[in-house]
Amino acid sequence: MAKSKDARITIILECNSCVRNRVKKESMGISRYITQKNRHNTPSRLELRKFCPSCYKHTIHGEIKK
């Protein structure tokens with residue numbers, strides 16, 4: 001059977017400030033969230049403001065490639 005072309009796809013959101021600042025050695029690592037988006041309504045890359053436990057504040061998390 002052919003692969004389904006569902007509108008909903010699973011994406012990974014990664015903290016932009018942790019990636020830029022190269023995360024401190026004592027911290028837990030880069031913050032990542034898994035969520036879904038509708039590819040018909042939002043064809044561009046998704047950016048959401050989420051809490052980052054490494055930075056201890058709300059930062060912008062952007063969509064990354066799998």
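**Ground rules.** I'm working on a predicted model, so local features need pLDDT of at least 70, side-chain atom pairs count only at pLDDT 80 or more, and totals for chains, interfaces and linings use all residues. Residues are numbered from 1 along each chain as its sequence is written, and side-chain values use heavy atoms, with hydrogens and water left out.

**Confidence.** I looked up pLDDT, the predictor's confidence in each residue, from 0 to 100. The protein chain averages 83, and 77% of the residues score at least 70. Helix H1 (residues 16–21) has the lowest mean, 76, while E3 has the highest, 94. Helices (H or I, at least four residues) and strands (E, at least two) are DSSP runs, numbered from the N terminus.

**Sheet.** I count two strands as paired if DSSP finds at least two bridges between them.

**Pairings.** Strand E1 (residues 8–15) runs antiparallel to E2 over 7 bridges, and I find Ile11 opposite Thr35 in E2. E3 and strand E4 (residues 57–64) are antiparallel too, over 6 bridges. Their hairpin has 4 residues between the strands, and Tyr56 takes a positive phi near 60° there.

**Arg49.** This residue sits in strand E3 (residues 47–52). Is Arg49 buried or exposed? Arg49 is exposed, because its relative accessible area is 61% (buried is under 20%, exposed over 50%, partly exposed in between; 1.4 Å probe, protein chains only). Beyond its neighbours within four places in sequence, I get contacts (heavy atoms within 4.5 Å) from Arg49 to His58, Thr59 and Ile60. I also checked Arg49 against Gly62: their C-alpha atoms are 8.8 Å apart, with 13 residues of chain separation.

**Lys50.** Across the strand pair, Lys50 stands opposite Thr59 in E4. Lys50 also lies over the face of Tyr33, 4.7 Å from the ring centre; the test wants NZ of Lys or CZ of Arg within 6 Å of the ring centre and within 35 degrees of the ring normal.
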